Amino acid sequence: MLALVSPALLVILLLIVLPVGWLAWQSIYHDGFTLEHYRRILSEDIYWRSFALTFEISLLVTVLALVLGYPVAYAANAVSKAWSVVILALVVLPFWTSVLVRAYAWLALLQRTGVINQFLRYLDVIGEPLALVHNTFGTVVATVHILLPFMVLPLYATMQKIPNDLMQAGASLGGSPAFTFFRVFLPLSLPGVLAGSTMVFVLCLGFYITPELLGGGRTVMVSMLVSRNVELYNQFGAASAVAVVLLLSVLLIFFVVSRFISLDRVLGQK
Amino acid sequence: MRTISPARIVLIAATALVLIYLILPVLIIVPISFSSARFLTFPPPSLSLRWYQQYFSNPAWMQATQVTLIVAAFTVVIATPLGVAAAYAISQSKLRVMRVIHMALLLPLVVPIIITAVGIFFIYARVGLVATLPGLVLANVMLGLPYVVISVLAGLQSFDPAQEMVARSLGMNRLRSFFAVTLPQIKSSVVAGAIFAFISAMDETIIALFISGGQYQPLTKRMFTALRDEIDPTIAAISTLMTAASFMLVLLASARQRKSG
């Protein structure tokens, strides 16, 4: 049996474990051991600000995805089978569309001469085009769009397992629909909330394409620090140290979450 | 007749709005791609196929398309058997270490891709795999493996291993009994996993940004570079074609999964 897994395992070892290990090594070794790169991350403003901004954006994106995703998952669970298939299809299809294509679509929608600005000017709601993109706003709108399915699918999977009898029992004992929702349904759906939020937050921490294309150079997320240090400045040690800190943050989050729910639940989607 | 409560109306309206938000950006590129205008105007002044013509007549785009298709095809051909073998071993073996291996195979979903990309770039730079086809294929095999493993493991869950035992007790060896008894029953999940690995390779952008170059640049890398410079409607045409391809593949995969129950 070990022989059967070994080719796949070898691919994983060579193409993800070794590269990440190399990054970790490179972050502390350059003609001798040094913690210089980590000292810079802690002391230099640009690194510090970028990490803070990345966590802020990830938190905002997660909250927005939860607020938008919960009703959709709830509806998909509550309606008839046929409608549920329609709702889930509309959630899954964008999921399998290239992230790059969706970033392009948002550029087309949000830019100064884009669809939304043209429409608003046609309606005479605005005089000057709104700055909807090349800023944090555009980045957040597109990132929520891309990550929303990662919230809806685990939520839906959890809600499906909540027995309908419980809600009926709550109602027959005199609970109003709102009461049974908040006291019975919502608490039982919390594992799904945690699974979806974890995935969205963690994926957002490492997001690269949307901030790069829609952030207009002002929204410098951690992923962009990594790529700029490699591509523009040839600062391999600095890039590696930033990558290691980002990876440790992600692993720490997964570790903490795994104390509460099974990680299979978080990773099982897509 | 049942009355519809206000809460239900709010729920339906909210769901409809969110679904529009999800699907509209994917659909909006279609009219843009058929527009005759150089600049983005909506609705398009008149319909034309000029952006599709530009795409199909441009050697650089065609070469990139070829690279993408070759890489995606090789990725499927390699990742599928590796993933099926691994999923089979994980589901059949009772070894403790299999749980760890199972988690290891899901690592590509856990590690932020930007980190994997930079790490692979450093390793490839040492062994001369930067800007090569094998380099691109290997990286995409790694990214595609989790999809195959997850899909096949789900398929194996509803398969009764006793059937394979019977085949073996009747004299088939393990390999033959796998191909004769097990594989036909998990075929749908294998095909679904393979399709997801293909889409993953077709859409992969970030690793390609770091490790591809010269004549071996996939479509996504050229699109990304073009998007950074200016918004060329040719990209809308390419995006429409890519999206249509993804949609058809996903429908194919989900139809197969449904058939297997």
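**Labels and their cut-offs**

Reply: In chain A, 74% of the contacts with a separation of 6 or more are between residues 24 or more positions apart; two residues are in contact if their C-beta atoms, placed from the backbone, lie within 7 Å. The model is predicted, so local features need pLDDT of at least 70 and side-chain atom pairs pLDDT 80 or more, while totals for chains, interfaces and linings use all residues. Residues are numbered from 1 along each chain as its sequence is written, and chains are lettered from A and ligands numbered from 1 in the order in which they are written.

Me: What is the corresponding share for chain B?

Reply: In chain B, 75% of the contacts between residues at least 6 apart in sequence join residues at least 24 apart.

Me: Why is V149(B) called buried?

Reply: A residue is buried if 20 or more other C-beta atoms lie within 10 Å of its own, exposed if 12 or fewer, and partly exposed in between, with C-beta atoms placed from the backbone. V149(B) has 25 such neighbours, so it counts as buried. V149(B) sits in helix α7 of chain B and touches G83(B), A86(B), A87(B) and L105(B), leaving out residues up to four places away in sequence. L105(B) is 44 residues from V149(B) in sequence, yet their C-alpha atoms are 7.8 Å apart.

Me: Why is I113(B) called buried?

Reply: I113(B) has 21 other C-beta atoms within 10 Å, so it is buried. I113(B) belongs to helix α6 of chain B. Its contacts, not counting residues up to four places away in sequence, are G206(A), I206(B) and I207(B).

Me: What share of each chain counts as buried?

Reply: In chain A, 46% of the 270 residues count as buried. In chain B, the share is 45% of 261 residues.

Me: Why is D124(A) called exposed?

Reply: D124(A) has 7 C-beta neighbours inside 10 Å, so it counts as exposed. D124(A) lies in the loop between α6 (115-122) and α7 (136-160) of chain A.

Me: What makes the phi of D124(A) worth a remark?

Reply: Most residues other than glycine have a negative phi. D124(A) is not a glycine, but its phi is positive, about 65°. A131(B) is not a glycine either, and its phi is about 60°. A131(B) is in the loop between α6 (113-127) and α7 (133-157) of chain B. With 15 C-beta neighbours inside 10 Å, A131(B) counts as partly exposed.

Me: How do you know that the span of α3 in chain B agrees with its number of residues?

Reply: The expected span of a helix is 1.5 Å times one less than its number of residues. Helix α3 (residues 59-92) of chain B has 34 residues and should span 50 Å; its end C-alpha atoms are 49 Å apart, so the two values agree. α3(B) does bend, by about 25° at A79(B), with the proline P81(B) following within four residues. A bend at a residue is the angle between axes fitted to the seven residues ending there and the seven starting there.

Me: How does α9(B) do on the span test?

Reply: A straight helix of 30 residues would span 44 Å, but α9(B) spans only 37 Å between its end C-alpha atoms. α9(B) also bends by about 60° at L183(B), and the proline P184(B) follows within four residues.

Me: Which classes of residue form the side of chain B that touches chain A?

Reply: The contact takes 68 residues from chain B and 64 residues from chain A. Helix α1 (residues 6-33) of chain B gives the most to the chain B side, with 15 residues. By class, that side has 56 nonpolar, 11 polar and one charged residues. Ala, Val, Leu, Ile, Met, Phe, Trp, Tyr, Cys and Pro count as nonpolar, Asp, Glu, Lys and Arg as charged, and the others, Gly among them, as polar.

Note on methods
Helix = DSSP H or I, 4+ residues; strand = E, 2+ residues; numbered from the N terminus.
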